[in-house]
Amino acid sequence: MGGSSSKQLRVLVVGLDNAGKSTIIQHMKAKEAPSEIPPTPGFQVEKFKKGKIEFTMFDMSGSAKYRNLWEFNYKNCEAVIFVADSADRIRMCVAKNELENMLQSPELKPCPLLVFANKMDITGSMNHSEVSEALGLAEIHDRPWTIISSNALTGGGLDDGVNWLSKQVE
Ligand SMILES: Nc1nc2c(ncn2[C@@H]2O[C@H](COP(=O)(O)OP(=O)(O)OP(=O)(O)O)[C@@H](O)[C@H]2O)c(=O)[nH]1
Ligand SMILES: [Mg+2]
């Protein structure tokens, strides 16, 4: 009480359908393995506190028919989490295109970008440097970014991601 001021942070969470966005958010929120989550229709807003930060996460649907909703939150957000399915080699180029489109939008501020190379538990999945290369992250110069391998089922890597985001906005 009194003195411990908490900071609000609005985070846009995007990536292709089935990447694990909602599972990641549920795990961050509840600190336990989430039960099977259905595809997000449109988007959903989740709020929770971690350390000194009150996160508001805009959990966007990655489904092709809803991806046009992402841009309505570009103006509004102060950080972006892009979730890639490391096991989905075939659609990694689609993910790259969507990421590029987003980063080219003048509406999106030069806010921090956290990329999760999710589903690292799946045999044969790409490691984080392969995902980084496939997404062309090295070409991003207009904002702080990082890539972290994650497993949304066990929570592996999620705290590292939250800590990185928290540092960026301190
Ligand atoms: N093996 C494994 N499965 C995961 C992981 N993260 C999520 N999943 C599973 O992947 C599926 C999709 O997860 P969601 O969290 O619904 O994916 P989403 O990105 O929110 O998908 P949309 O809402 O459709 O855009 C679910 O069956 C999850 O249980 C992970 O790290 N490893
Ligand atoms: Mg979802």
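How far from an oxygen atom of ligand 1 does a polar side-chain atom of Glu 36 lie?

1. **Glu 36 and ligand 1.** The distance is 2.5 Å, from a polar side-chain atom of Glu 36 to an oxygen atom of ligand 1. Keep in mind that this is a predicted model.

2. **Backbone contacts.** Two further contacts to ligand 1 use the protein backbone. A polar backbone atom of Thr 40 is 2.8 Å from an oxygen atom of the ligand. For Gly 20, the corresponding distance from a polar backbone atom to an oxygen atom of ligand 1 is 2.9 Å. On its own, ligand 1 has 660 Å² of accessible area, and the protein covers 89% of that.

3. **The shell.** As for the site itself, ligand 1 takes up the space of the largest pocket.

4. **The magnesium ion.** Ligand 2 is a magnesium ion. Its coordinating atoms are OG of Ser 22 and OG1 of Thr 40, at 1.9 to 2.1 Å. The two residues are 18 apart in the chain and link distant parts of it. Ser 22 belongs to helix 1, while Thr 40 sits in the loop between helix 1 and strand 2 (43-50).

5. Are Ser 22 and Thr 40 buried or exposed? Ser 22 is buried, because its relative accessible area is 12%, under the 20% cut-off. Thr 40 also counts as buried, at 12% relative accessibility.

6. **Asn 18.** The backbone deserves a check here. Most residues other than glycine have a negative phi. Asn 18 is not a glycine, yet its phi is positive, about 75°. Asn 18 is placed in the loop between strand 1 (7-14) and helix 1 (21-30). Asn 18 is exposed, with 58% relative accessible area.

7. **Lys 119.** Another non-glycine residue with a positive phi is Lys 119, at about 65°. Its place is the loop between strand 5 (113-118) and helix 3 (128-135). Which side of the burial cut-off does Lys 119 fall on, at 19% relative accessibility? Lys 119 counts as buried, because the limit is under 20%. Asn 18, in contrast, is exposed.

Methods: Residues are numbered from 1 along each chain as its sequence is written. Chains are lettered from A and ligands numbered from 1 in the order in which they are written. This is a predicted model: local features need pLDDT of at least 70, side-chain atom pairs count only at pLDDT 80 or more; totals for chains, interfaces and linings use all residues. Side-chain values use heavy atoms; hydrogens and water are left out. Helices (H or I, at least four residues) and strands (E, at least two) are DSSP runs, numbered from the N terminus. Buried means under 20% relative accessible area, exposed over 50%, partly exposed in between (1.4 Å probe, protein chains only). Donors are N, O and S atoms within 2.8 Å of the metal (3.2 Å for Na, K and Ca); water is not among the atoms, so sites may look incomplete. A polar contact is a pair of N or O atoms within 3.5 Å; within protein, one must be able to donate a hydrogen and the other to accept it, and residues adjacent in sequence count only if both atoms are side-chain atoms. Accessible areas come from the Shrake-Rupley method with a 1.4 Å probe; for residues, only the protein chains shown count as cover. On a 1 Å grid over the protein atoms alone, a cavity is a set of points where a 1.4 Å probe fits but cannot get out, and a pocket is an open set with protein on both sides within 12 Å along at least five of seven lines; lining residues have an atom within 4 Å of a point. A molecule sits in a cavity or pocket if more than half of its atoms lie within 2 Å of its grid points.
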